[in-house]
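Here's a chain to talk through, question by question. Have a look first, then we'll get into it.

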Amino acid sequence: MSNSIDFSGRPFHFIGIGGIGMSALAYVLTKRQLPVSGSDLRANHITHKLESLGAHIFSKQEANNLEFFLPEVAANTVPLTSPENFSAVKTTLPQVICSTAINASNLEYKAALELGCPIWHRSDVLAALIADYYSIAVAGTHGKTTTSSMIGYMLLQAGLDPTILVGGEVKAWEGNARMGASRYLVAEADESDGSLVKHAPEIGIITNIELDHPDHYETLEEVVDTFQTFAQGCKTLVGSIDCETVRDRFKPTITYSLYPDKGADYTVTNIDYRADGTTALVWEKGKALGLLNLQLLSHHNLSNSLAAVAVGRVLGLEFGEIAQGIATFEGARRRFEFRGEAAGVTFIDDYAHHPSEIRATLAAARLQARPGQRVVAIFQPHRYTRTLTFLEEFAESFTHADLVVLTDIYSAGEPDLGQVSGQDLATAISKHNPEVVYQQTLSLVSEFLLQTLCPGDLALFLGAGNLNQAIPELITMMSEPAIATS
């Protein structure tokens, strides 16, 4: 088996190619004119886009998918693993890429093992790409997608033509990845499964550190260890010292903070949080750089923008170029994304699935809400382990919602051990906010909302699962004129 990713022309096959992280990698490899195939049980707009670029997508996960790039074998009646063929094609067997979601019982995975295909985790491909470019990698428990997308957009607007891989879709490049022609690469670096330790970028960013994935980490200390290994691999480390863990446990090369008294390299004053965006005066080591205008709401996005400012300055950009790029950045999909209006109700979709993210998103909603406008938080808990571990934190995170509508837990493949349920979380929330309603299924959620939402409401759909699938139908049904009755 090869001991490194081969970008010289050997095929790649992705098991589960439609996932947000896998598809971004497949996109970049396809745009680099490398042979790419993959399988996914559900076709979507992402897989259709990959097909249009030349990737071959299988709708079933079967062992013979791995033979796609071996036409000389497919045309032969001799089995692939026979001595006559195996030695000749072994070097052209695809490099098989998996995510953590793929287990040993998967038929393609088993076939790859039997055939001797090189098998890599998706993080190995990302690490190889990071090593292949002048790379900026954004890590942190919260804010990774927004910060990496903002940095990528800023570099794009400044004419640096970066390659970009992020964990969300961005309108500016119509997807979760972009292939540039320059030496720069901007990537979102995920800590959820520990693979963050593989990345060694030129510039690394740590936005914050919390325990968020109790399915992989038992303690915050384990999370810190992972981030410290990542930090050691970064030639330049940019860190937010508003996060106590980053401030106390790390020594960033460059620091940023929303509070001038903390002594960070980059900070802000004259902050104006508004319903249509945010304005602040940016300072660099005690010198005023100029005004920064964001379309994005609330303090967490202003913090993300300071990370982008720091990166831009490291790369030699003038503040005017940085500010111009940030001012026109509209954000990533599912990050306080406006989905439409119907019957006077505003629909917002947000990926928030951790208590800290929920509090930040509700703060943004409060900024946007007009006087007297109700903020209705509709939440689908994500993973049993996360819900159980942070039950009390979740319970306290909805205090600023006028109404909380809760549904059952999205398992994300975890078994239900009967330790916690959506009803348990609803009961816990009710101790802090009595205006909470539990509806077990998505169909019941939709029925309740149709009866409950009123003109002027801001309906905020929260979660990393499939709750947002209810939004289009709700908008359609609420847009239909009422049928007059005699």
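Reader: Before we start, what are we looking at?

Author: It's a predicted model, where local features need pLDDT of at least 70, side-chain atom pairs count only at pLDDT 80 or more, and totals for chains, interfaces and linings use all residues. Residues are numbered from 1 along each chain as its sequence is written, and side-chain values use heavy atoms, with hydrogens and water left out.

Reader: How many helices and strands does the protein chain have?

Author: Both are DSSP runs numbered from the N terminus: helices are H or I with at least four residues, strands are E with at least two. On that count the protein chain has 17 helices and 21 strands.

Reader: What percentage of the residues is buried?

Author: Buried means under 20% relative accessible area, with exposed over 50% and partly exposed in between (1.4 Å probe, protein chains only). Of the 486 residues in the protein chain, the buried share is 56%.

Reader: Which residues have the most contacts inside the largest nonpolar core?

Author: A nonpolar core is a set of buried Ala, Val, Leu, Ile, Met, Phe, Trp, Tyr and Cys residues joined through side-chain atoms within 4.5 Å. The largest one has 74 residues, and its largest share, 7 residues, comes from helix 1 (residues 20–31). The residues with the most contacts inside this core are F12, F14, L129 and F398.

Reader: How many residues are in the second, separate core?

Author: That second core includes V170, Y256, L294 and A308. Its size is 42 residues.

Reader: Where is S298, with its positive phi?

Author: Most residues other than glycine have a negative phi. S298 isn't a glycine, yet its phi is about 80 degrees. At 3% relative accessibility, S298 counts as buried, and its place is in helix 10 (residues 298–314).

Reader: And F336: is that residue buried or exposed?

Author: F336 also has a positive phi, near 50 degrees, and is in the loop between helix 11 (319–327) and strand 16 (337–342). With 17% relative accessibility, F336 counts as buried.
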